[in-house]
Protein chains: 2
Amino acid sequence: MEKKWEAMEALFTPRAVAVIGASDNPGKLGSHVMRSLTEGKYPGRIYPVNPGKSEMFGMKAYPSLFQIPETVDLSVIVLPAEQVPKTVTECGEKGVKGIVLITAGFKEIENQKGQALQSEVTKLADQFGIKIIGPNTFGVVNLHLPLNASFTPEFSRVDKGGISLVSQSGGMSHLIGFLSLQNKVGLSKIIGLGNRCNVDFAEMVEYLIQDSQTKVIAMYLEGIDQPKKLMEAAGRGKGEKPILAYKVGRSPTSDQASRFHTGSLAGKHEVYEGAFKQAGILTVGSSEELLDAAKALTLCPLPGGNRVAVLSGQAGPGMAACDICEMERLAISPFSAETQKRVEELLPPLAIRTNPVDMGPAWYDSEAIKGIVKTVLEDRKIDAVVLCVMFASANRSAARVLTDLLLERRPNKPILCCFSSPPGIWDDEVKQLEGSGIPNYPTPERAAKALSTLYRLTKRRVRPG
Amino acid sequence: MEKKWEAMEALFTPRAVAVIGASDNPGKLGSHVMRSLTEGKYPGRIYPVNPGKSEMFGMKAYPSLFQIPETVDLSVIVLPAEQVPKTVTECGEKGVKGIVLITAGFKEIENQKGQALQSEVTKLADQFGIKIIGPNTFGVVNLHLPLNASFTPEFSRVDKGGISLVSQSGGMSHLIGFLSLQNKVGLSKIIGLGNRCNVDFAEMVEYLIQDSQTKVIAMYLEGIDQPKKLMEAAGRGKGEKPILAYKVGRSPTSDQASRFHTGSLAGKHEVYEGAFKQAGILTVGSSEELLDAAKALTLCPLPGGNRVAVLSGQAGPGMAACDICEMERLAISPFSAETQKRVEELLPPLAIRTNPVDMGPAWYDSEAIKGIVKTVLEDRKIDAVVLCVMFASANRSAARVLTDLLLERRPNKPILCCFSSPPGIWDDEVKQLEGSGIPNYPTPERAAKALSTLYRLTKRRVRPG
């Protein structure tokens, strides 16, 4: 393994972790980091380092790194900024390969001192070949190990999945992490880059492209110093692993705020937009859209083209999905003649029997519903399906019937669902669908929007650049 | 009371309801209607009508309407279409004032027969002065009585509140009803207009404008026959009660589908947009946006102008809110000199201390946070506040501190929050805030978007038309 990869691996799959500045005082961040590691069931060895303590969290504490009886791969540092350079040197001498530097007070502050401190730390880390996440970060989480090297123990509650979230903002990582929890979306890694000593978006994207547990890279950016490096790293991936970007600073005030916040040049949004497109990075416009699109990209095959069928248990939600599809340049396309004939055989004349199909008047007849969905899934003139079903107590079994059909069929085209019910009623069906590569969304509009991002990736692959 | 109002009142506040076609067979819609009324704790008298039964749901069943020993205000009809004209006549003779006509198979079907049947039913109802909701509807719900005269018992679980939802689509009503349940948004009435015999959007808006339990009217439309009548009804309200419209059919396919579905002309979306604007109706672009905006309009005072302060516990979510504000033509405005001075006293130089304020580095200091929020709330150069706080285990008390401050202050300007935490952690604080007129949203972007709709109403009132 290249030395660079070794250091990056140490950040995500360490065999032993030291917490320098560990604490059992709940008022200190060091105690939250200890809770994250212990409650998060990290399977490696944990070494709290604190000269004033001989024990905490039921384990031996060490006065310094050098007393630890084995090699430490990763140090999480939660010390005041002025103690950091000395500590990084000690880490280097101990053979530590990765550091999560939670401490703030570096490049992000308004004076020169912080900038100088950050340069010093970066230089030391580079000398020792150490990779640093941070400073000014909540940390990193690898849900697959699991490793929660952050000050937020609750991140361990997130399901493990294929989306790696790389963020310049701790707040945004927390927001998207909590949205993942609420919507039961699985994540692979949650990475707060903070003020980026020597691990910037470029290095992280390069690493995640070759990480087998990452299916989709979802980035949140404010402004970066070396956009070109990121675009090159993304471009080298040849679009084989989808990369999404949600960049704020689209408005003048927010752009200026991002300069303050991250200590780096933000720069015109249009410039970024163009560069993202060149590099094959798909942009999105909100935190929810980032997660919705990432979920679709993790679960679904890509559509072969833009011809969408909208099948809905009720006409209204189907129309709402159509609106978004067509606004996003997807085509609500006519069925093949055979499909159309079959749909007309199965549906009474009460219903809209062309695309978008209103299956409502046939709910009493689950064989008809299954027949329609099956026929449309097999139609070679249809590239993707949006399937909407709203619960009513008279059609409670609809989700079950359709879930069984979809799990049995699993055609090689994307199916995005909006199965909506009062909390708790269709949870099992939705879980089964998502477990089998069929994402569910809270509204038809969000399902359609996520599909449009899938199709944008199809287009990129056909005509890159 | 005018006769017209009397009939409309009968739809929402009946003293006695007959269910014609009541059933205790769970395969029949008539049984779901019975469950809605009984499980929904309707406080009036319920009379199941079914010639084949003498008892159901523990109550006496009647062979016909005429055997019921008192006046019936509302009939819910769940019979085959061909029996409906006779039944409407019987209702007229019995003195029934309102009918919820759940039966489908009228104007929405592809042949002439349904159209003729609907004309006949309408004529009969008009002769007797009966108002009909439907046909082809799930029903109506008045959460304040409570009355659940629909085939969906689960609607009774929705909290009561100030938003009345008027929808042309049963599916969309269910979707938005379930979103309300998930997000704990209170509704006043849920009305499925169906294919509209003699109660169209115009009549319903006219009624809801004078209904004291309706604070905001939220409409979902596909296409209507008499848009002018609706616009006049809305215009007569002089914008005193906010009216929102989510109209699908923005895309060609969806527009065409709505003609099939509702049997009415849909027509160019731009024409509707213009007419809505003229009538003071605020348009929105999705089901979630409809509910988000309705919630803000129900809870918040209107902003006096477009000068917004964004205060955030973390910089990233604050910037995301700024982006949406500025894209929606709200201004992220400089603070007054005194406010700016005070913020600089309270916040360390680690933070962004101008609008949008990043309060992150002062989380250890709840007095500082309170001081900042208090000062900005009182700034006369600020018309509205977006307040974002992402949970971390080290700032668990933040929501409590801010909630207490906001409940104590309640300034007469809108405050829209995004307090985000893992499920269950900040539920009490959010509930208290929303109970006191401060809405909470799942993301900063959605909070900012809802604020933009509040401001659109401010503008309409200053410069109508």
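Contact here means heavy atoms within 4.5 Å. By that criterion, the interface in this predicted model draws 76 residues from chain B and 76 residues from chain A. The size of an interface is often given as the accessible area lost when the parts come together. For chain B and chain A, the buried area is about 5300 Å², and carbon and sulfur atoms contribute 62% of it.

Between chain B and chain A, 17 residue pairs are in polar contact, both residues being at pLDDT 80 or more. Salt bridges between chain B and chain A number 3. In one salt bridge, the side chain of R446(B) meets that of E288(A), with an N to O distance of 2.9 Å.

Which elements of chain B supply at least two residues each to the side that touches chain A? They are helix 2 (29–39), helix 5 (170–183), strand 13 (243–247), helix 8 (252–262), helix 10 (287–299), helix 11 (315–327), strand 19 (415–420) and helix 16 (444–462). Helix 11 of chain B gives the largest share of this side, with 10 residues. Sorted by class, the side of chain B that touches chain A comprises 38 nonpolar, 22 polar and 16 charged residues.

Turning to the fold of chain B, 5 strands make up an open sheet with parallel pairing, in the order 2-1-5-6-7. Strand 2 (45–49) and strand 7 (131–133) of chain B lie at the edges; each has a single partner strand, so one side of each is left without a neighbour in the sheet. From one strand to the next, the twist averages 20 degrees.

Strands of a sheet pair through backbone hydrogen bonds, either parallel or antiparallel. In chain B, strand 1 (residues 16–20) runs parallel to strand 2 and is joined to it by 5 bridges. Within this pairing, A16(B) has R45(B) of strand 2 as its bridge partner. Helix 3 (residues 84–94) of chain B packs on the sheet, where it touches strand 1, strand 5 (74–77) and strand 6 (98–101) of chain B. The directions of helix 3 and strand 5 of chain B make an angle of about 170 degrees.

Over all chains, the salt bridges come to 43. One of them links K341(A) and E345(A), whose closest N and O atoms are 3.6 Å apart. Because K341(A) and E345(A) are 4 residues apart in helix 12 (residues 337–346) of chain A, about one helical turn separates them.

Technical notes: Residues numbered from 1 in each chain as written. Chains lettered and ligands numbered in written order. Predicted model: local features only at pLDDT ≥ 70, side-chain atom pairs only at ≥ 80, totals over all residues. Heavy atoms only, no water. Buried area = accessible area lost by both parts, 1.4 Å probe. Salt bridge = Lys/Arg side-chain N within 4 Å of Asp/Glu carboxyl O. Polar contact = N/O pair within 3.5 Å; in protein donor to acceptor, adjacent residues only side chain to side chain. Nonpolar A, V, L, I, M, F, W, Y, C, P; charged D, E, K, R; others polar. Pairing = 2+ DSSP bridges. Axes fitted to C-alpha atoms, helices over the stretch in contact; angles between N-to-C directions.
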